[in-house]
Structure formats: C-alpha cells, structure tokens
Amino acid sequence: MRCPYCGSLDDKVIESRTMANGESIRRRRVCSACGYRFTSYEHIEEKPFMVVKRDGRRQPFDRSKLSKGIERALEKRPVASAMVDAVVNEIEDAAIIASKGAREISTAELGELVLERLHRLDKVAYIRFASVYRQFSNLEEFLAEVKKLETDNQPL
C-alpha cells in the first residue's frame with residue numbers, strides 16, 4: 001500500500017480489526033520509509049446479479065420489482081403476504097442456481113420461473129401474470145392458456 005505522506009510502497013501492518021460484522025477489515029499501517037501511521041480498509045466487492053432484458057440491456061436484479069409484479073398478479077386473491085415473500089425468495093434462489101455462476105439471467109428465464117411458482121400457488125394469478133408476460137394480443141391466446149391450465153389440472 002502506498003504511504004499517503006511520502007509515497008513509499010514499503011509499509012507494515014501493525015494491527016488488523018474486523019469491522020461491520022465481518023464485512024470489512026480495518027488495518028493500521030506504518031510506513032517503513034518515513035514512519036507515518038495510516039489506516040486502510042478492505043471491503044468485499046460483490047458483482048451484482050444481473051437481468052438481461054429482451055433488447056440485450058443488463059440491469060441489476062431488483063427484488064422489489066419482482067415482488068411488485070407477483071403482488072399485482074395476486075391482488076385480491078386469498079394468499080398471505082408472507083407467502084409472497086416466500087415465493088420471491090424461492091424465485092431468487094432458483095434464478096441464481098439457473099444462472100450457473102454467470103451472475104445473470106434472462107427475463108425470459110426469470111418469467112418462466114415466476115409462472116412455474118404461480119401455477120402451483122394460484123391459477124388466477126398465473127393467468128394474470130401470463131397474460132402480461134406472454135403479451136396476449138387477443139382473446140384466443142388468453143382462452144388457449146386457460147384451456148391448457150384446465151388440462152393440466154385433470155387427474156390421470
């Protein structure tokens with residue numbers, strides 16, 4: 001580390017302390033050339049989890065945006081808000097696993113994860129979300145999705 005007083009690169013750590021619940025380290029240093037004492041801090045730099053939009057743009061994953069979309073689909077449905085948080089956690093975990101360490105996921109993959117969870121949770125919310133996500137342009141597409149939902153629920 002460069003001494004802020006003389007610019008020398010020769011220093012010695014005389015004390016280290018963990019700070020902020022282990023999130024950073026504070027180090028007291030002394031310059032070997034001039035004896036000046038100074039403090040440095042180390043922090044973990046994490047790459048944010050990114051979402052790749054349809055047009056190729058990348059945006060940081062926004063948990064609140066995901067939560068808002070799911071809440072909108074579940075509006076006036078008999079589902080507890082704690083369940084919404086659990087679904088959002090489940091989707092976030094699944095998205096990170098699906099990214100296979102790349103730290104990014106496409107909106108298409110993320111949307112399919114949401115649809116999968118909503119399909120299990122509430123069929124009306126599933127149809128609401130699907131109609132927006134899949135951009136139904138006419139009644140036939142909407143009815144086809146409902147019919148598909150009906151056949152999925154038939155006992156074997």
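## Salt bridges at a glance

The structure holds ten salt bridges, a salt bridge being a side-chain nitrogen of Lys or Arg within 4 Å of a carboxyl oxygen of Asp or Glu. Side chains of opposite charge can pair when their charged atoms come close.

A quick word on the source: this is a predicted model, where local features need pLDDT of at least 70 and side-chain atom pairs count only at pLDDT 80 or more, while totals for chains, interfaces and linings use all residues. Residues are numbered from 1 along each chain as its sequence is written, and side-chain values use heavy atoms, with hydrogens and water left out.

Let's start with Arg 58, which forms a salt bridge with Glu 104; their closest N and O atoms are 2.9 Å apart. This pair ties together distant parts of the chain, with Arg 58 in strand 5 (residues 58-60) and Glu 104 in strand 6 (residues 104-106), 46 residues apart. Strands here are DSSP runs of E with at least two residues, helices are runs of H or I with at least four, and both are numbered from the N terminus.

How open are the two partners? Arg 58 counts as partly exposed because its relative accessibility is 47%, and Glu 104 is partly exposed too, at 27%. (Buried means under 20% relative accessible area, exposed over 50%, and partly exposed in between, using a 1.4 Å probe and protein chains only.)

Next up is Glu 90, whose side chain meets that of Arg 117 in a salt bridge (2.6 Å, N to O). Glu 90 sits in helix 2 (residues 81-98) and Arg 117 in helix 3 (residues 107-121), 27 residues apart. Glu 90 also forms a salt bridge with Arg 120, with the closest N and O atoms 2.7 Å apart. Arg 120 is in helix 3 as well, 30 residues from Glu 90.

Glu 90, Glu 116, Arg 117 and Arg 120 are linked in a network of salt bridges. Within it, Glu 90 is partly exposed at 35%, Arg 117 is buried at 10%, and Arg 120 is exposed at 54%.

## How helices 1 and 4 pack

Helix 1 (residues 63-73) packs with helix 4 (residues 123-133) at an angle of about 120°, their axes 8 Å apart. That makes helix 1 oblique to helix 4; angles under 35 degrees count as roughly parallel, over 145 as roughly antiparallel, 65 to 115 as roughly perpendicular, and the rest as oblique. Axes are lines fitted to C-alpha atoms, for helices over the stretch in contact, and angles run from 0 to 180 degrees between N-to-C directions.

Gly 69, Arg 72 and Ala 73 of helix 1 make the contact with Ala 125, Arg 128 and Phe 129 of helix 4, where contact means heavy atoms within 4.5 Å.
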